[in-house]
Amino acid sequence: MGGEGWLFLFAVLMAAVLLFTMVFFIIMFSDLECDYINPIDLCNKLNQFVLPEMIAHAFLTLCFLLSGQWLAFLLNAPLVGYNVNKIMAKNHMYDATEIFRTLSGHKKESFIKLGFYLVSFFYYLYRMILALISESD
Amino acid sequence: MSQEVMLPQGWEARWDAQSNAYVYVEQSTGRSQWEVPTQPSYGSSHPSTSPAPTPAAAPSQGQSHRPGRRQYPTAQIQQVYGGGGYDTQPQQSLAAPGYPDQNASQQPQYFTPGLGGADAHQPSHGQQPAASPYGGAAPAQSQQPGYGQQQSAYGSQQQQQQPVDQMSNQFQQMNMGYQGGAGAGAGMSGQKQLHQIQTVNLIGMQPDVTGLDTPPPPYLLPPNASVTASPHIQPDPSYQRCTLTSMPTTQSLLNKSKLPLALVMAPYRSFRESDGEDPVPVIEDSVIARCRRCRAYINPFVTFIEGGNRWKCCMCGLSNEVPQLFDWNQVENKPADRWARKELNHSVVEFIAPTEYMVRPPQPPVYAFVIDVSQQAVQSGMVAVAARTILESLDNIPNADSRTKVAIIAVSTSLHFFSLPAGATEASMLVVSDLSDVFLPKPVDLLVNLTESRPALESLLGRLSDMFQDSHVVGNALGSALQAAHQLIGKIGGKIIALTATLPTLGEGALKARDDPKLLGTSKESSLLNAASSFYKTFAIECSKQQVAVDMFLFSTSYTDVATLSCLPRYTAGQTYLYPGFNASRSEDAIKFATEFGKVLAMPIGLEAVIRVRATRGIRMSAFHGNFFIRSTDLLALPVVPTDQNYVIELQLEDDIKGSFVVLQTAILHTTCYGERRIRVITQAMPTTDSIPELYASADQVAIATYLTNKAVERSMSHSLDDARNTVTNKLGEMLGVYKNQVTSSSGASAQLAVPENLKLLPLLCCGLVKHVGLREGSSIPPDLRSYAQALLTTLPCQSLVPFIHPRFYSLHNMSPEAGNIGDAGIVLPQALNLTSERLERHGLFLIEDGQNIFIWVGHEAVPRLIQDVFDLPSYGELQGGKYTLPVLDNPFSQRVNNIVAKTRELRRGVYRPHVYVVKSDAEPALRSWALSLLIEDRMDHMSSYAQYLTTVKNKVNGS
């Protein structure tokens with residue numbers, strides 16, 4: 001298996017992890033709505049995962065950039081830009097005092113990210129298979 | 001559906017096996033009859049599911065066979081009605097000529113299609129017999145004494161009169177049934193009360209400013225909505241009011257009408273006996289009837305069913321058992337009158353909660369004072385005034401059971417703790433200079449019992465200012481001091497009162513002076529209104545968890561970042577107080593601060609509180625505004641409830657509403673400062689409507705203005721001030737646009753701006769709001785003042801908020817002769833004028849006040865006599881503008897002016913004591929333009945005048 005194959009195998013795994021993170025976020029948000037968890041605990045829990053998620057995604061994008069996978073890189077660049085923008089504006093962390101006011105926005109964002117990771121998961125899988133086939137040829 | 005509820009209370013249906021028919025037994029007398037003892041219209045449906053039809057029970061066996069519990073209603077009725085039982089019901093209708101009216105008007109309701117299914121019929125019917133006798137006893141009824149006499153006479157002659165009564169009873173019921181039947185169709189329109197809609201055209205008219213005090217449109221509840229006819233079944237608007245006094249039945253109707261739906265409440269408002277206000281009635285016997293499913297508290301709008309043994313929740317419709325002791329007077333150990341219970345007669349009541357409502361034993365009130373003793377603070381005199389005020393207030397701090405605890409921490413570049421051992425006469429100081437990892441220097445004696453350590457405390461407060469007199473320390477480690485105070489009182493919870501004269505510059509939560517004048521007036525200005533450091537938010541959450549509230553007293557001579565520091569009070573249910581340019585050597589400043597601080601200390605606070613609003617199924621609380629922490633989707637946590645603080649709660653309709661009225665109930669569970677767990681319950685019922693004109697006719701302009709204020713402030717922080725102002729104006733335009741198209745049904749452009757009569761001052765309030773210091777356009781307003789104004793806008797109760805947005809303006813030199821003198825209701829205030837400088841005369845004396853400041857405007861051609869009379873100065877030229885204390889002189893005019901100022905200061909609930917500023921009409925441009933900026937009907941800088949504002953709104957209306 002060549003470099004491209006390994007890269008996309010790694011990308012598939014990362015996308016799966018990110019996918020699960022988003023599912024976890026969404027479950028936690030609906031828990032909050034149902035009053036199973038209080039906003040302080042929720043924010044403490046989720047805030048642990050915010051930066052790792054962003055870093056993991058940025059790292060993956062960097063890998064694409066370095067290995068010259070332009071299409072994959074361009075696919076991910078907007079999200080990296082969005083994340084960086086959020087960190088610059090210092091509103092990437094969940095704020096327990098505002099969480100109920102912003103909950104619908106957070107949920108929407110998580111769903112969009114979930115969809116994005118899902119699409120990219122299948123794209124990476126497809127690319128991985130392509131790479132493997134082209135190698136075996 | 002049990003049919004037994006169709007019977008008047010006190011009657012029971014029994015199955016007689018011999019005759020194969022129901023026999024009706026009156027429980028109190030044992031009298032029986034075959035006819036259904038209720039309106040014939042209902043009698044037609046035979047009781048088929050009557051509980052426990054004991055076949056063998058002969059009619060004459062009466063009450064002796066029934067289990068004891070079921071006798072309570074009967075016993076209680078006997079108690080009240082002299083043994084007459086429910087025979088008094090028909091009797092009353094006969095005896096009181098005024099009553100057939102009431103009955104007749106009630107009757108069609110049973111056939112109102114709008115009432116929905118049998119569910120809706122049943123409650124109103126079941127309660128009717130219960131409600132009417134009480135109605136007779138209501139204080140408003142003038143026949144009451146006569147009724148009482150007749151009744152006792154009746155009680156003794158019962159046997160003879162019975163047949164007659166019974167006959168007339170039936171006759172009357174037949175008659176009523178007939179009316180009802182006939183009125184089934186026609187009765188609908190006649191029965192449902194509607195608000196009168198009057199359209200007013202605003203353009204070219206001077207607004208009538210006296211209309212700001214008019215009460216909101218009445219709640220036109222269907223008759224029989226409440227079980228008692230008490231006049232107190234709706235809360236005073238100062239406790240709770242709704243932007244609409246009738247509830248739309250669907251969310252789409254609400255969306256279409258563009259009207260906001262929100263509750264505006266100040267549930268823990270203070271009361272003043274001097275204003276003729278009553279304290280909240282307290283239910284002492286801790287019998288708390290709550291719905292099993294929705295946990296609503298019993299209130300005047302429930303219905304009693306099954307002979308009064310069960311009650312049906314007015315919110316979810318679940319039938320609940322009436323608690324055994326509900327009709328029992330536990331003090332005198334005898335049956336009590338259910339209809340006299342306070343929770344069935346008052347919309348605002350307080351229950352004394354039993355131990356199930358406590359997480360821990362009631363905590364004592366705890367006060368931790370964090371006092372800034374840096375050089376600036378000491379020099380401004382703040383420390384001295386604060387210490388003296390605390391010393392003088394030691395007797396007023398709530399301490400009814402001698403459990404109150406106090407701690408004092410002085411802070412500059414290091415933390416100064418004071419050890420105040422019980423019984424000692426001197427305090428000893430412990431200094432901690434490690435600011436990064438705050439620790440308490442001593443485990444005990446820092447937080448002390450107020451009564452036990454009083455001598456040490458007094459001596460400390462007496463010399464606190466002197467102790468730091470010579471310190472030249474610059475710097476303030478407020479954040480660390482707050483953390484220390486939190487450690488100190490966190491185990492118990494309570495209140496931290498922080499007094500600071502400088503920006504926190506050291507330790508945790510250090511802030512920078514970020515007030516860049518270049519940002520003012522730009523879209524970036526809103527960043528100055530948001531917190532600069534996340535420390536104050538995270539710390540606020542910590543505090544809220546541990547039931548600690550923070551009050552901030554800020555004394556700035558320069559920038560103190562009110563926006564950031566006010567985060568702490570905002571999320572811990574405290575309050576921010578700002579004294580810009582405080583200097584205690586000016587007696588006005590010292591008196592203002594000492595008075596307000598003293599009132600805050602003496603405030604009967606509630607501790608460890610949660611607020612929850614419950615409502616009829618279908619209504620959801622969607623957003624919350626105010627000083628608290630939202631702990632779950634509908635639970636507001638307030639470590640300390642201050643009096644007179646306002647909260648706004650937005651409502652949404654999730655489902656269509658079926659009933660003829662809805663009930664909204666606010667419950668605030670708190671510990672009083674004398675160690676009692678209590679629940680204050682505020683119940684409000686609103687009729688429903690499905691018409692947009694009716695919604696407009698029932699809109700409450702003051703509540704809508706309060707709602708818009710909160711929305712605008714929120715918007716100014718999340719977006720920009722420009723956005724916030726547009727939100728207000730657009731919302732107003734949308735509302736009036738819908739009104740124009742849907743209600744006045746005029747289409748196309750119109751030269752007039754049509755508003756409903758009850759909203760005619762809303763445009764004026766909106767105009768005042770967009771020109772208010774908190775939201776105003778301009779690049780000259782310091783961010784501190786803006787933030788503070790916004791903090792006030794979101795916390796002031798309606799009574800103070802309205803003048804804060806729309807100040808009062810009086811002309812003093814030509815006021816009517818009774819103004820300023822003592823009239824029937826205290827000191828008479830002059831006629832309020834329109835807020836326009838057209839009213840200012842060059843020779844006149846005027847007063848403008850917004851609840852926070854009083855401006856006395858002196859025209860430059862004022863005659864020397866006037867100046868002499870009021871200020872005791874020879875001429876206008878001698879007069880100095882600025883903060884002023886009016887002398888009390890020995891002439892009637894001076895006394896009247898002083899009376900008006902004094903009355904203005906105590907006019908409203910709350911702790912604020914406005915400054916008096918004397919404004920000369922030709923000097924001190926800053927002060928002059930400040931006073932003029934309160935005249936909101938005028939054009940100022942590039943802000944539009946009221947007339948221009950109306951034109952803008954009109955264009956929006958025509959454009960839509």
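**Exercise 1. Find what the buried residues of helix H11 (residues 382-393) of chain B pack against.**

Helices (H or I, at least four residues) and strands (E, at least two) are DSSP runs, numbered from the N terminus. A residue is buried if 20 or more other C-beta atoms lie within 10 Å of its own, exposed if 12 or fewer, and partly exposed in between, with C-beta atoms placed from the backbone. Two residues are in contact if those C-beta atoms lie within 7 Å.

Step 1: pick out the buried residues of H11(B), which are Met382(B), Val383(B), Val385(B), Ala386(B), Ala387(B), Thr389(B) and Ile390(B).

Step 2: look at their neighbours in chain B. The helices there are H10 (375-380), H12 (454-467) and H18 (587-602), and the strands are S15 (366-372) and S20 (494-500).

A word on the model before going on. It's a predicted one: local features need pLDDT of at least 70, side-chain atom pairs count only at pLDDT 80 or more, and totals for chains, interfaces and linings use all residues. Residues are numbered from 1 along each chain as its sequence is written, while chains are lettered from A and ligands numbered from 1 in the order in which they are written.

**Exercise 2. Check the span of H11(B) against what its 12 residues should give.**

Step 1: the expected span is 1.5 Å times one less than the number of residues, so H11(B) should span 16 Å.

Step 2: compare that with the model. The end C-alpha atoms of H11(B) are 16 Å apart, which agrees.

**Exercise 3. Describe the contact between chain A and chain B.**

Step 1: count the residues. Chain B brings 11 and chain A brings 10.

Step 2: on the side of chain B that touches chain A, the elements giving two or more residues are helix H15 (535-545) and strand S25 (629-632).

Step 3: sort that side of chain B by type, and you get 6 nonpolar, 2 polar and 3 charged residues. (Ala, Val, Leu, Ile, Met, Phe, Trp, Tyr, Cys and Pro count as nonpolar, Asp, Glu, Lys and Arg as charged, and the others, Gly among them, as polar.)

**Exercise 4. Is Thr21(A) buried or exposed, and what does Thr21(A) touch?**

Step 1: locate Thr21(A) in helix H1 (residues 3-33) of chain A.

Step 2: 21 other C-beta atoms lie within 10 Å, so Thr21(A) is buried.

Step 3: leaving out residues up to four places away in sequence, Thr21(A) touches Phe49(A) and Glu53(A).
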